[in-house]
Amino acid sequence: MDQGSENARRKLNKTLKPSWVFAIALGSSVGWGAFILPGDWIGQSGPLGAVIGLGIGALVMMIIASSYGVMIKKFPVSGGGFTYAFIAAGKVWAFICGWFLSLGYISIVALNASALTLLLKFLAPGFMKRFYLYSVAGWDVYLPEILIASALILLFAVINTTGTSVSGQIQFYFSILLVAGVVVLGIFTFSVADQPLANLQPLFKGNQSIITSILVVLAIAPWAYVGFDNVPQAAEEFNFSPRKATMLIVASLFTSFLIYAIMIGLTGWTFPSLSAVGNGDLWVTGEVVLSALGMGGLAVMAVAIVMGIFTGLNGFFMSSSRLLFSMARARALPNFFRTMTKKTQTPVWGIWFVALITLPTPWFGRQALTWIVDMSSTGVSVAYFFTCLAAYKVLAWGKEKVGREIAPLKKFLALLGMIFSGAFLALLLVPNSPAALSTPSYILLFGWAFVGVIFYLVIRKRYNSLSQEETEYYVLGKTIESEVTETTSADTDSISDIPLPNATRS
């Protein structure tokens, strides 16, 4: 294998601390939706129904996170779903998973940038609704929102190019402010309410069954927590043992659930009736906080929302650029995506590509952007499935598989994860399901798939020109043969007995 300067496998620096990785997972999972949507969830399911639905969703995500922990421990490299799909099913499925996952990550960057303009429209409508340009799908586009969203995208592109240590520290401090703001709001709204527990009645939506109330919110839970899967994208940059990854992801999911629960709770427990608060039809949680705590409370909430937006932007800038870097390293994307800065070893062109491709999105209007995000959720669900499938394949029920880790519980959780991931895909793709894609999202999904087919046909020869050994070297960091020489058969982390797909050998 030629490992000259051009073909040598490029590596990322190990600079991420455990607290920073926890902040990446938490900050990416909790965004503007935790503050904007509680009123909608209460209207659909009742406060307790919404909390139970999101709680069950968090447990399901923890089951899937178990498989992510297994794969990070065995293969502490960037790539996430792309890498795990290669392990589970080979090059073609790896490309498909990476293609849709990259769109999912990039579109969430764009969505977070536009979320700040939503907050500003509530806080300063007079300023934000000046210089009207046009309407897209019923959404009025104004010049200030385009300028602000664009500036935010460029700002976080610059931050990420300075190195992982800088973006990791920023993520940690932003996450502290996010959590602190939510805790303060929860304590003060509960203390000023006359009868907080009584105000939560009815706990479930009255005209539907309890199970239906729970399922309505459970259906959106996978996308409420999307972002914890940013952790494997940063696995190559851990400066600590990859064994800690599962604990960090589970802790972030539990903290995310608590944040959602507090925001749903304060929306419901502060006043006896939501319809009596403000207009009751714009931003219910904002109206509740403003009515109960005044401008001071609204300022605290605004800081928490901004931190949620910033952590989402930062986390998905990081994960999307690492995914593009990993795909380019495996020759699935052009070489410039694996270009890194000499000082910090940061995939600089991947970062700027994300910035350049998201800069036009504010011009499309938020409604069109939500169509893209909705359809790209399929990529996240596909990544969940392949991660669980890969974990299932590298684990063993018992001693019948020499060289594999014997972990029947983790293997069972991986099997459950595959089932849940398939259910999430069905919720998205089956018409009339609670989370079914809209018609525009279906059209965009097929369009992106068509573009992916064309792109694959263009790069197929180059992508498949690598032998199986070379692909394993670029994707995983070591060939099976070299791993065998460095480990004994008793080493549970050995990959010598893992049947990586060999159908792609050239």
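Biologist: What are the ground rules?

Modeller: The model is predicted: local features need pLDDT of at least 70, side-chain atom pairs count only at pLDDT 80 or more, and totals for chains, interfaces and linings use all residues. Residues are numbered from 1 along each chain as its sequence is written, and side-chain values use heavy atoms, with hydrogens and water left out.

Biologist: Why is R322 with E237 called a salt bridge?

Modeller: The rule asks for a side-chain nitrogen of Lys or Arg within 4 Å of a carboxyl oxygen of Asp or Glu. The closest N and O atoms of R322 and E237 are 2.9 Å apart, so the pair meets the rule. The pair links distant parts of the chain: R322 is in helix α14 and E237 in the loop between α12 and α13, 85 residues apart. Helices here are DSSP runs (H or I, at least four residues), numbered from the N terminus.

Biologist: How do you know that R322 is buried or exposed?

Modeller: Buried means under 20% relative accessible area, exposed over 50%, partly exposed in between (1.4 Å probe, protein chains only). R322 has 1% relative accessibility, so R322 counts as buried. E237 also has 1%, so E237 is buried too.

Biologist: How many salt bridges are there by this rule?

Modeller: The count comes to 3. One of them joins E145 and K121 at 3.3 Å, N to O. E145 lies in helix α8 (residues 143-161) and K121 in helix α6, so the pair ties together parts 24 residues apart in sequence. R329 and E236 form another, with the closest N and O atoms 2.8 Å apart. R329 sits in helix α14 and E236 in the loop between α12 and α13, 93 residues apart. Both R329 and E236 are buried.

Biologist: What makes helix α5 mostly covered?

Modeller: Of its 9 residues, 8 are buried. The buried residues of α5 include F82, Y84 and F86. Among the elements covering them are α4 (47-74), α6 (91-123) and α14 (284-329). Just after α5, G90 takes a positive phi of about 105 degrees.

Biologist: Which residues touch the most other members of the largest nonpolar core?

Modeller: L54 and Y225, in a core of 142 residues. A nonpolar core is a set of buried Ala, Val, Leu, Ile, Met, Phe, Trp, Tyr and Cys residues joined through side-chain atoms within 4.5 Å. Beyond its neighbours within four places in sequence, Y225 has contacts (heavy atoms within 4.5 Å) that include L54, M61, L253 and F257.

How values were computed: Helices (H or I, at least four residues) and strands (E, at least two) are DSSP runs, numbered from the N terminus.
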